[in-house]
Protein chains: 2
Amino acid sequence: MAAVVDLGAALRELVETSVLTTVDAGELVATAAAARALTARLAAATRPVHQLPALDDLQAFRRVYNPVTGPGSAFAPPLEIRREGGDVVAEVTLGGAYEGPPGYLHGGMSSLLMDQLLGAAAHATGLFAMTARLELDYRAPVPLQTPLVLRGRFDEAAGRRTVTSGGIARADDPHRALVQARAVFVTPRSAQREAYLGRIVDATGRQATPVQPTDATAGRGSGSAPA
Amino acid sequence: MAAVVDLGAALRELVETSVLTTVDAGELVATAAAARALTARLAAATRPVHQLPALDDLQAFRRVYNPVTGPGSAFAPPLEIRREGGDVVAEVTLGGAYEGPPGYLHGGMSSLLMDQLLGAAAHATGLFAMTARLELDYRAPVPLQTPLVLRGRFDEAAGRRTVTSGGIARADDPHRALVQARAVFVTPRSAQREAYLGRIVDATGRQATPVQPTDATAGRGSGSAPA
């Protein structure tokens with residue numbers, strides 16, 4: 001795991017620097033060639049996408065390459081989601097790689113982060129669930145290179161549906177939401193889950209379709225999960 | 001531009017391979033060290049985040065590091081958005097780096113892509129506008145490593161608000177939306193735009209706050225824009 005985390009961190013810094021660099025074209029091309037050599041090295045052995053990474057554990061909601069929370073993902077800030085009372089909370093500072101309007105977070109990046117956070121609020125009940133609806137209201141632009149706080153909470157559950165909501169604020173003004181979000185998650189029926197995830201195998205080749213309690217109020221898992 | 005595109009493509013392949021690799025920990029650590037050497041090389045000269053990259057042109061909606069459409073962004077697939085009649089359309093195939101549930105696109109990635117596409121449908125009217133509301137309905141999971149088609153259309157405009165909608169489907173089943181989305185974009189008032197973007201300068205240090213027609217029906221720009 002330490003090596004996966006190390007490479008994730010190194011690639012994250014490389015990607016961030018690649019959008020802010022002003023070195024000349026020759027340097028960019030030389031860096032690209034060196035990056036391709038690294039790709040070839042990593043490509044010496046790979047898994048198919050339907051086989052889970054060896055470090056993943058679906059039952060514990062551990063996904064090391066999740067593009068929001070995965071420490072091994074160069075895309076992920078990564079968001080470290082923790083429980084705080086009944087809420088899920090994460091602090092993060094985002095760089096130029098996440099930019100939409102000049103100097104601000106891409107609106108779709110806000111939705112990506114909130115989908116994960118609101119999913120974590122739903123999964124805090126121990127469920128494997130998938131996003132069914134996501135709504136975002138953008139009150140003000142979210143600044144880059146500024147400490148942010150993201151918060152999500154469980155609102156209600158009925159049958160296979162779980163509703164959560166939350167928002168993004170500046171850490172120095174945490175009660176003024178820049179973005180507000182609400183999501184509905186649905187736990188797939190057994191047959192759907194099988195249809196969607198029946199091909200998934202773990203690193204040893206064994207079937208690894210996630211199982212979970214069928215009652216939305218049962219179980220307590222950890223906060224970070226697939227969404 | 002060719003060098004920026006080359007590095008973007010090389011880093012995109014490196015990130016994708018980094019989530020699928022099964023090489024041993026020693027190889028991962030060695031790759032991380034080599035990646036850090038590349039970061040140091042690119043970090044020899046950088047811009048602050050409020051200074052636009054030299055290749056960007058806000059008036060032409062050209063953002064080379066946009067995390068959805070930017071050819072220089074390792075995060076971006078990149079989505080190539082084109083006009084087709086009154087619609088905006090993009091075809092894309094996404095890999096393991098974009099995964100949420102095992103084998104499927106992260107729900108938040110669907111929202112990231114659709115925010116950009118629906119923004120392009122709004123910006124096709126020539127406006128600089130920012131996302132005010134985004135709604136997504138997830139009908140079925142979106143498969144990875146599968147050709148997809150994303151489509152967006154202009155619905156209506158009133159004053160500073162523009163509404164667009166669209167969806168994501170498999171390219172081989174383009175009329176069955178897996179994800180449906182709707183967005184409201186707002187053109188900031190002049191004072192807001194100044195407050196939000198007044199610090200932005202171009203690569204030569206000149207102020208580069210975007211300007212645009214104030215009438216939502218005026219002007220015709222290109223399809224890809226900040227969102």
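Predicted model: local features only at pLDDT ≥ 70, side-chain atom pairs only at ≥ 80, totals over all residues.
## Architecture of chain A

Chain A contains four helices and six strands. Their order along the sequence is α-α-β-β-α-β-β-β-β-α. The radius of gyration of chain A is 19 Å, close to the 17 Å that the globule rule gives for 227 residues, so the chain is as compact as a globular protein of that length.

Of the 227 residues in chain A, 60% count as buried. Among contacts in this chain with a separation of 6 or more, 65% are between residues 24 or more positions apart.

## Surface and charge of chain A

The accessible surface of chain A amounts to about 8,500 Å². Carbon and sulfur atoms contribute 52% of that area.

## Salt bridges

Side chains of opposite charge can pair when their charged atoms come close. Over all chains, a search of the whole structure finds 32 salt bridges.

In one of them, the side chains of Arg82(B) and Glu84(B) form a salt bridge with an N to O distance of 2.8 Å. Arg82(B) has a relative accessible area of 34% and is therefore partly exposed. Glu84(B) is likewise partly exposed, because its relative accessibility is 34%.

A further salt bridge links Asp172(B) with Arg170(B), at 3.1 Å from N to O. Here Asp172(B) is exposed, because its relative accessible area of 58% lies over the 50% limit. Arg170(B), at 29% relative accessibility, counts as partly exposed.

The side chains of Arg176(B) and Asp173(B) also meet in a salt bridge, with 3.3 Å between N and O. Arg176(B) is partly exposed at 45% relative accessibility, and Asp173(B) is partly exposed at 33%. Elsewhere, salt bridges that share partners join residues of chains A and B into one network. Its members from chain A are Arg133(A), Glu135(A), Asp137(A) and Arg182(A). Those from chain B are Arg133(B), Glu135(B), Asp137(B) and Arg182(B).

Leu94(B) is placed in the loop of chain B between strand S2 (87-92) and helix H3 (107-123). Although it belongs to a loop, Leu94(B) counts as buried, because its relative accessibility of 2% is under the 20% limit.

Leaving aside neighbours within four places in sequence, Leu94(B) is in contact with Pro77(B), Leu105(B), Leu113(B), Leu144(B), Gln145(B) and Leu148(B). Leu118(B) is 24 residues from Leu94(B) along the chain, and the C-alpha atoms of these two residues are separated by 19 Å.

## Cis peptide bonds

In chain A, a cis peptide bond joins Pro77(A) and Pro78(A), with omega at about -20 degrees. Pro78(A) is located in the loop between helix H2 (25-42) and strand S1 (82-84) of that chain.

In chain B, Pro77(B) and Pro78(B) are joined by a cis peptide bond, with omega again about -20 degrees. Pro78(B) lies in the loop between helix H2 (25-42) and strand S1 (82-84) of chain B. Pro77(B), one of the two residues in this bond, is also among the contacts of Leu94(B).

Gln145(A) is not a glycine, yet has a positive phi of about 55 degrees. Its place is in the loop between strand S3 (130-138) and strand S4 (148-158) of chain A. With a relative accessible area of 46%, Gln145(A) is partly exposed.

For Gln145(B), phi is near 50 degrees, a positive value in a residue other than glycine. Gln145(B) lies in the loop between strand S3 (130-138) and strand S4 (148-158) of chain B. The relative accessible area of Gln145(B) is 45%, so this residue is partly exposed. Gln145(B) is also one of the residues in contact with Leu94(B).

Key:
Residues numbered from 1 in each chain as written. Chains lettered and ligands numbered in written order. Heavy atoms only, no water. Salt bridge = Lys/Arg side-chain N within 4 Å of Asp/Glu carboxyl O. Buried < 20%, exposed > 50% of the residue type's maximum accessible area, 1.4 Å probe, protein only. Helix = DSSP H or I, 4+ residues; strand = E, 2+ residues; numbered from the N terminus. Rg over C-alpha atoms; globule rule 2.2 N^0.38 Å. Contact = heavy atoms within 4.5 Å. Areas by Shrake-Rupley, 256 points an atom, 1.4 Å probe, with all protein chains shown as cover.
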